[in-house]
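Please examine the sequence and the three-dimensional model displayed below. The paragraphs that follow lead from the overall features to individual residues.

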Amino acid sequence: FYSDGVIEARRDGGDEFGMERFVDMAGRHGDPSVGLLVMVRTILDAVLDHANDILRDDATLVAVRWTGPAS
């Protein structure tokens, strides 16, 4: 789950972080061997880097990993 501030983060006069970049990062870092906190932190770090550490809106990520029904 994410807030619009994640994909709409932009540099001054530049392009948005965007859905394509977000989906690509989530796919690359969504491996089950990667901890959820690491995945969220990696994506948020990339958003902040893209926006030169200045967010104009909230940027919230919530990651959930479901491993199937309990045995």
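The accessible surface of the protein amounts to about 4,900 Å², and carbon and sulfur atoms contribute 55% of that area. Accessible areas come from the Shrake-Rupley method with a 1.4 Å probe, and for residues only the protein chains shown count as cover. The structure is a predicted model, in which local features need pLDDT of at least 70, side-chain atom pairs count only at pLDDT 80 or more, and totals for chains, interfaces and linings use all residues. Residues are numbered from 1 along each chain as its sequence is written, and side-chain values use heavy atoms, with hydrogens and water left out.

The secondary structure consists of three helices and zero strands, and the order of elements from the N terminus is α-α-α. Helices (H or I, at least four residues) and strands (E, at least two) are DSSP runs, numbered from the N terminus. Along its principal axes, the C-alpha trace spans about 50 × 20 × 20 Å. Of the 71 residues, 25% count as buried; buried means under 20% relative accessible area, exposed over 50%, and partly exposed in between, with a 1.4 Å probe and protein chains only. Among contacts with a separation of 6 or more, 59% involve residues 24 or more positions apart, a contact being heavy atoms within 4.5 Å.

Which aromatic residues form a pair? A search of the whole structure finds one aromatic pair. Tyrosine 2 and phenylalanine 22 form this pair, which is tilted, with 4.8 Å from centre to centre and 55° between the planes. Rings of Phe, Tyr and Trp (its six-membered ring) pair if their centres lie within 6.5 Å; planes under 30 degrees apart count as stacked, over 60 as edge-to-face and the rest as tilted. Because tyrosine 2 lies in the segment before helix H1 (4-7) and phenylalanine 22 in helix H2 (residues 19-29), the pair ties together parts that are 20 residues apart in sequence. Tyrosine 2 is partly exposed at 36% relative accessible area, whereas phenylalanine 22 counts as buried at 10%.

Serine 3 also belongs to the segment before H1 and is buried, with a relative accessible area of 12%. Its side chain is joined to that of aspartate 58 by a polar contact of 3.1 Å. A polar contact is a pair of N or O atoms within 3.5 Å; within protein, one must be able to donate a hydrogen and the other to accept it, and residues adjacent in sequence count only if both atoms are side-chain atoms. Leaving aside neighbours within four places in sequence, serine 3 is in contact with Asp58, Ala59 and Thr60.

Another ring has a charge over its face: arginine 21 lies over phenylalanine 17, at 5.4 Å from the ring centre. The criterion is that NZ of Lys or CZ of Arg is within 6 Å of the ring centre and within 35 degrees of the ring normal. Glycine 27, in helix H2, is exposed at 57% relative accessible area. Glycine 27 and methionine 39 are twelve residues apart in sequence, with 9.9 Å between their C-alpha atoms.

Most residues other than glycine have a negative phi. Asparagine 52 is partly exposed, at 49% relative accessible area, while aspartate 53 is exposed, at 61%.
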